[in-house]
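Thanks for coming, everyone. Please take a look at the sequence and the structure before I start.

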Amino acid sequence: MAKLVMFCILAVVILGSATMCVMTKRIMRAATFLLFVLFGIAGIYFLLDYTYLGTAQIAIYAGGITVLYVFAIQLVSRRTLQGLIERVKLSKAMGGLLISLVGLATVLGVLLKNQFINKAADVASVEVPMKTVGMALVGSEKYQYVLPFELISVFLLACIIGAIMIARKEDDK
């Protein structure tokens, strides 16, 4: 029962922080809310007794990646960030809402068609050894994730380098 209560608290923190991260108009507040989301996900890992993944989540994502985002934000000059409040037209908002609803319907259709909800209950009852989880994260075979992880890290590095280049071009003027 206590685990269910903790999960509900963490879910509310994660969903609330993620919503605020997207909805806030101040970029540093968005980075702070992102930090709360990452800590909440680490809490769920700890709740599932995946202490290694929870620790890695805090050390790598909540610590390293968020600090990297904050440094990238600070590299961009204040002149660039001033006056960035954009007014959203009603037609754009309705278009975004329509696309979101189509995406939700697609996801629900796939879930119901393939009966993922019933299969998830069967999979959740099986305990997976930590060695299997570790091999899935760092392995290079089929259904292992080292290649996507490396691609995402290269993409983040390219974004940071792009931000540095943009900040330098403004300082030259």
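**Surface, helices and a nonpolar patch**

Accessible areas here come from the Shrake-Rupley method with a 1.4 Å probe, and for residues only the protein chains shown count as cover.

A word on the source. This is a predicted model: local features need pLDDT of at least 70, side-chain atom pairs count only at pLDDT 80 or more, and totals for chains, interfaces and linings use all residues. Residues are numbered from 1 along each chain as its sequence is written, and side-chain values use heavy atoms, with hydrogens and water left out.

Now the fold. The protein chain has eight helices and zero strands. Helices (H or I, at least four residues) and strands (E, at least two) are DSSP runs, numbered from the N terminus. Along the sequence the pattern reads α-α-α-α-α-α-α-α.

How much of the chain is buried? Of the 173 residues, 17% are buried. Buried means under 20% relative accessible area, exposed means over 50%, and partly exposed is in between (1.4 Å probe, protein chains only).

Next, contacts, meaning heavy atoms within 4.5 Å. Take those with a separation of 6 or more: 53% join residues 24 or more positions apart.

On to helix α5, residues 90–114. Its 25 residues should span 36 Å at 1.5 Å a residue, and the end C-alpha atoms are 36 Å apart, which agrees. The expected span is 1.5 Å times one less than the number of residues. After α5 comes Q115, with a positive phi near 55°.

Now the patch. M1, L4, V5, M6, F7, I9, V13, F36, F39, F46 and I58 make a nonpolar surface patch of about 1000 Å². Patch residues have over 30% relative accessible area and no salt bridge; like charges are joined within 9 Å, nonpolar side chains (Val, Leu, Ile, Met, Phe, Trp, Tyr) within 5 Å. A salt bridge puts a side-chain nitrogen of Lys or Arg within 4 Å of a carboxyl oxygen of Asp or Glu.

Which helix gives the most? It is α1, with six residues. Both α1 (2–23) and α2 (27–47) supply at least two. V5 sits in α1 and is partly exposed, at 41% relative accessible area. F36 is partly exposed too, at 39%.

Last, F36 and F33. Both lie in α2, three residues apart, about one turn of the helix.
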